[in-house]
Amino acid sequence: MPLRSFALAFVALVSPYCLSGQAPPVLAARLPIVLIKAGKLLDVRKGVYIQNAAVLVEGDRIKEVGLLTDVQPHAPKDARVIDLSKSTVLPGLIDCHTHLMARFPDIDDAYLITLAKESQAYRALEGAANAKITLHAGFTSVRDVESEGAGYADVALRDAIRAGLVEGPRMQVATRGIAAVGQYNPFHVSPDLHDFPTGAQMISGVEEARRAVREQIGNGADFIKVYADWNHPTLTFDELLVIVDEAHKAGIKVAAHATTPDGIKNAVNAGADSIDQGYEADQKAIDLIKKNSVFLVPTVGVIDEWADHISPAKGSPNDQKWVDDFLQSIQRELQMARTANIKVAAGSDASRAKEQGKNALELSGLVRRGYMPVDAIRAATINAAELMSWQDRVGAIEPGKYADIIAVDGDPLLDVTILQHVKTVIKGGEIVKDETHP
Ligand SMILES: [Zn+2]
């Protein structure tokens, strides 16, 4: 804006009320009010249904929740009604481990080929497609745990969703992720290709670690993702310590990919806020997670899909044994986690095209490993909200929180796979999908 126009605009803004000392008249525009009737509504904290319930929504927030007979008299006569009186109503689900920027094809060397062939602009558009699928699957918030070589396109996607340009869940983004040089995708790139893109920001040494965190925060990261190991521990303890220190100083959390016992211990001792995967955790690692009140994000849903796919069609007897041992290791991990009552948040880890929008498979994966359906639902609601430090705004149908609400047919406390077929999705009081009223 030229200086003269700016000055004119400023004069227009300050007069006449500011100059006269009078308060400007209050604009009394009323926020839209919606009454949602719910056949039964899940109280995720208590793990029980409220029968014949209702939710009163004002603008994008929940104003009141309770029995229809109590709530309805408080709704104005002209309130819009969303009738879910034949449905089961739950809070919008939360996925704490997505990769919305990743839509890898189901081929050999998919990661490498994607980085070689797809522009950042195209990756961002893929992210927009994945965001829509995820929202329509009933996931109204996600913690997106690194862009897998799409740079800061996740920041752009988050902001475009906030601006209403793109349909998608509320997002927290990690941006690029941080890994040790040579210890993350893509692998087997010719050493002659010096500038070939990487799947994470590769660092070596504490000063590069510090710079990576500062850069990512400066470019819009809501939290930091770090690879504590990749088949074996990779970053040094000192590098992890600096990464956590820089993030916590800025008031943001750190998600650590760790599968090995030593990788988990290094990450927890360095102060990471969540251990993502944790597949080979031993009892000591589980005890350490518990002692430090760290979240576990098991990401087992995609593992089941992958294991079903690899065996028996593809696997040789040796492959099959490796897969069986791996699945047993995860079984032990979650048995120990359950016994120790570790806080678990759901995370689907979808990164292939065919996995996007199947976020609720994670809840089935948890139940398959002994969790009660209500605990799997808590992992995708109140627990996930706490991990994201968003417990004041999402994760339960309670006054003051965003009106992020889903509806299904049937009883997900008896059969959690029902959540793979969400019929209605409401985000911030707006219907984004409605198959309840076809
Ligand atoms: Zn992941």
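Visitor: What does the span of helix α5 come to, and how is it to be read?

Guide: Helices (H or I, at least four residues) and strands (E, at least two) are DSSP runs, numbered from the N terminus. The expected span of a helix is 1.5 Å times one less than its number of residues. Helix α5 covers residues 120–136, 17 residues in all, and reaches 24 Å from its first C-alpha to its last, close to the expected 24 Å. This is a predicted model: local features need pLDDT of at least 70, side-chain atom pairs count only at pLDDT 80 or more, and totals for chains, interfaces and linings use all residues. Residues are numbered from 1 along each chain as its sequence is written.

Visitor: Which residues of α5 are buried, and what covers them?

Guide: An α-helix has 3.6 residues a turn, so residues three or four places apart point the same way. A residue is buried if 20 or more other C-beta atoms lie within 10 Å of its own, exposed if 12 or fewer, and partly exposed in between, with C-beta atoms placed from the backbone. In α5 the buried residues are R123, A124, E126, G127, N130, A131, K132, T134 and L135. Their cover includes strands β5 (93–98), β6 (139–144), β15 (424–427) and β16 (430–434), together with helix α6 (153–162). Just after α5, G138 takes a positive phi of about 100°.

Visitor: Which residues have a positive phi although they are not glycines, and are they buried or partly exposed?

Guide: D109, in the loop between β5 and α4 (110–117), has a positive phi of about 55°. D109 is partly exposed, with 14 other C-beta atoms within 10 Å. E148, in the loop between β6 and α6, has a positive phi of about 50°. E148 counts as buried, with 25 C-beta neighbours inside 10 Å.

Visitor: Where is a peptide bond cis?

Guide: The bond from N185 to P186 is cis, with omega near 0°. P186 lies in the loop between β8 (178–180) and β9 (201–203).

Visitor: How are domain 1 and domain 2 arranged?

Guide: Domain bounds come from an automatic or database domain assignment, which gives domain 1 (33–92 + 399–434) and domain 2 (93–359). Their centres, taken over C-alpha atoms, are 32 Å apart. Two residues are in contact if their C-beta atoms, placed from the backbone, lie within 7 Å. Nine residues of domain 1 are in contact with eight residues of domain 2. On the domain 1 side, β15 and β16 are the elements that give two or more residues.
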